[in-house]
Amino acid sequence: MAGTKDRASTAATSKLNRDFSWTAAFGVILVIAGLVGLVYTGVATLTSMILFGWLLLIGGAVGLFHAIQARGTNFFWLGVVVAALNIAAGVVVIRRPDAAAEALTMFAALLFLTGGVFRLVGSLVVRGPQFGWTLLQGVLGLLLGILVLDNWPSSSKYVIGCFFSLALLFDGLGLIATGFGGRRIVHLVSGRGR
């Protein structure tokens, strides 16, 4: 009976180790993709726009399929309209990824500007315990929005790719930390159990 428990425990430990190893390996792939994207931001921008367009197309097709399945309900026409808009937006983004990147860059810059202004004003008005951090976030958001808008539309060639690549990089680093941390915890727990 004890031998069966030991074998089951060893099998579970090795499976957890493998799973955490795969998590870390996937993290390494994401880090490499993020670093390559930071070097080739123009390619990363176009790639992310085309990917976004395909996601809109696929989402629109799935939404249309669900709308057709629910054609007897009150939400049929709403589902058809939303699916058609997603499909149309996907086609536009895939056919003109450069124009889509320009529009998305303008939108991101405006978000940075408005977020920066609200954080800046909010920190000055409220003056709470996080006053310094909120003020710094507001100033950085405002500066980032101004920098992106100042070089727009040429900034659209690298801004989206840079953000996309940074997201890949940080997600990859998080997965690597999870993988190695998980393996370490498994080793600690399995060592104490013996």
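## Helix packing and a nonpolar patch

The crossing of H2 and H3 is left-handed, meaning that the near helix is turned anticlockwise from the far one by less than a right angle. The model is predicted, with local features needing pLDDT of at least 70 and side-chain atom pairs pLDDT 80 or more, while totals for chains, interfaces and linings use all residues. Residues are numbered from 1 along each chain as its sequence is written, and side-chain values use heavy atoms, without hydrogens and water.

Helices are DSSP runs (H or I, at least four residues), numbered from the N terminus. Axes are lines fitted to C-alpha atoms over the stretch in contact, and angles run from 0 to 180 degrees between N-to-C directions.

| Pair | Angle | Axis separation |
|---|---|---|
| H2 (41-69) and H3 (residues 76-95) | about 160 degrees | 7 Å |
| H4 (residues 97-126) and H5 (residues 131-150) | about 150 degrees | 7 Å |

H2 is therefore roughly antiparallel to H3 (an angle over 145 degrees). The contact of H2 with H3 has 18 nonpolar, six polar and no charged residues. Here Ala, Val, Leu, Ile, Met, Phe, Trp, Tyr, Cys and Pro count as nonpolar, Asp, Glu, Lys and Arg as charged, and the others, Gly among them, as polar.

The angle between H4 and H5 makes H4 roughly antiparallel to H5, and their crossing is left-handed. Their contact holds 16 nonpolar residues, eight polar and one charged.

Val-28, Ile-32, Val-36, Val-39, Tyr-40 and Val-43 make a nonpolar surface patch of about 580 Å² (residues with over 30% relative accessible area and no salt bridge, nonpolar side chains being joined within 5 Å; areas by Shrake-Rupley with a 1.4 Å probe, only the protein chains shown counting as cover; a salt bridge being a side-chain nitrogen of Lys or Arg within 4 Å of a carboxyl oxygen of Asp or Glu). Helix H1 (residues 2-39) gives the largest share of the patch, four residues, and Tyr-40 lies in the loop between H1 and H2.

Technical notes
Patches are made of residues with over 30% relative accessible area and no salt bridge: like charges are joined within 9 Å, nonpolar side chains (Val, Leu, Ile, Met, Phe, Trp, Tyr) within 5 Å. Helices (H or I, at least four residues) and strands (E, at least two) are DSSP runs, numbered from the N terminus. Angles under 35 degrees count as roughly parallel, over 145 as roughly antiparallel, 65 to 115 as roughly perpendicular and the rest as oblique.
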